[in-house]
Amino acid sequence: MPSIDDVTNTPDELSDDDATELFEEADLVQDMMGEVCPYPQVEAKKGLQQLESGDLLVQETDHVPCTENVPRAVGDDADAKVWRSGDATYRIYLRKR
Amino acid sequence: MVLSTLLVAALVGTALGAFLQKGRFCFVNAFRDFFAYKDSRVTKGVLAATLLTMVFWGIAYQFGYYQTFWTPQWGLTGLVGGFIFGIGMTYAGGCASGTLYRAGEGYLQFWLTLLCMGIGYAAFTVAFPTLDSTYFAALTVGEGVSLFTVTSIPAGLLGVGVAIVALIGYATLVGRASTTAEFGERADVAQLHLGALRAPVIGLRQFARGTATYARGLARAWRTPIAASKQPWDPRTAALGITAAAVLWFTQHSIVGVTGPEARWTGYLLSQVGVEANSFEYWGSVLFQGQGVDVTVDMVMIAFVIVGAFLAAVWSGDFAVRVPKRRRLPNAVVGGLLMGAGSRLAPGCNIGNIYSGIAELSVHSFIAAVGIVAGVYVMTHWIYREVGCAI
């Protein structure tokens, strides 16, 4: 059977409040503004390698495809959630498994 | 140019730009992410668009609703130029079409990439007389041809046939992957033989299920058209839209190309600031074919791709003037130069050779597509050298 991940493209989206609250918990924040693929993917993988299980990595990005590609790239290494600000900036929350 | 021609060019360009933007239809993504971590969502979109376009172009050709094919001479130039282009587009982070739609989304980095592609075209043009007698003379093997025009099989049937073969091949791969997983490590030879026979069937069933799920999702999205239109779209939806635009373009003009018209834009813009573009052999007699350096209909179409991407990005809340990080500037400069030069050395870009070229069954494009994908593979491994690639 195909898993649900085969048919959904985007990870869960966070509400504005949740996004702000979670952001304070971040163990590592990566500034990816002005970066394009595939560098945020590579940095996310490197960032997760430094973290412990349960730690939270947040990427701030203005590159639309990253919201899908970064969670895909880290795969099973982390649970991903995304926040869209509505004015072309995004945050990707990755909690290491 | 006749007004109706201009309107078709504007319509096709705008539609292509909008579908590229909404589907994040990026050829770098399609191959790079497949090599890096086996993500095949965009790869499937690219394959779907190419195969669908092939079927409909074949039918249009068979019934005479077409203008011209684009079939450059074939040879090793496709491998060399394609490889350089593939390296360039992976380093730049956007292919020929990706650079255009991201320019429309407001990425200053990709405007710089476009500028450097222009420099690449201009440098190639200056070197063309020498390259023509050395590089092209040495590496060209034969006249270019589209398989649609040389077989006795009706073109429409040939298109459908190739698409079915590709689908069964794809299904076999998918099916084999899932049966291997099912049997696990204890699989013996007999089981694997059985698996090989069952693989296409299992794969086709999965394909049918996936397509049905996709169709249901599309139907659900139609219930809230405005909200859904602002969300990112499935690359397969973009594939359908791109196919429709490309079929219209094929009946009215030719195949869809990007870097050819861009190289013409470079000649035209330089001629506007006093450069005698017409006196250069490559612009004068090759690209503008002795018609004089002026705006051609495919140049208009390409310009509207940026407009379409801009409109779609504004509508979706994805437009912003994005300033690149300084450490990303080499990607735009070097990537742009390599794409500009590589696309002329092949000739053709990812759109001309992978999408359009395979869809029109051009022998040259089969070779160039291999070159481009090889370039992406090598560059992806270099970029991912610290974290490793899946394939």
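View 1. Helices (H or I, at least four residues) and strands (E, at least two) are DSSP runs, numbered from the N terminus. An unreviewed UniProt entry lists 107-128 among the "transmembrane region" spans of chain B; such annotations may be inferred rather than shown by experiment.

**View 2. Helix 6 (residues 108-139) of chain B meets helix 12 (residues 259-272) of chain B.** Their axes, lines fitted to C-alpha atoms over the stretch in contact, come within 9 Å and cross at roughly 80°. That makes the two helices roughly perpendicular (65 to 115 degrees). Met117(B), Gly118(B), Tyr121(B) and Ala122(B) of helix 6 meet Glu262(B), Ala263(B), Thr266(B) and Leu270(B) of helix 12, contact meaning C-beta atoms, placed from the backbone, within 7 Å.

**View 3. Ala78(A) in strand 4 (residues 78-84) of chain A.** Ala78(A) counts as buried (20 or more other C-beta atoms within 10 Å) because 25 lie in that range. Leaving out residues up to four places away in sequence, Ala78(A) touches Leu48(A), Leu94(A), Arg95(A), Lys96(A) and Arg97(A).

**Notes.** Residues are numbered from 1 along each chain as its sequence is written, and chains are lettered from A and ligands numbered from 1 in the order in which they are written. In this predicted model, local features need pLDDT of at least 70 and side-chain atom pairs count only at pLDDT 80 or more, while totals for chains, interfaces and linings use all residues.

How values were computed: A residue is buried if 20 or more other C-beta atoms lie within 10 Å of its own, exposed if 12 or fewer, and partly exposed in between; C-beta atoms are placed from the backbone. Two residues are in contact if their C-beta atoms, placed from the backbone, lie within 7 Å. Axes are lines fitted to C-alpha atoms, for helices over the stretch in contact, and angles run from 0 to 180 degrees between N-to-C directions. Angles under 35 degrees count as roughly parallel, over 145 as roughly antiparallel, 65 to 115 as roughly perpendicular and the rest as oblique.
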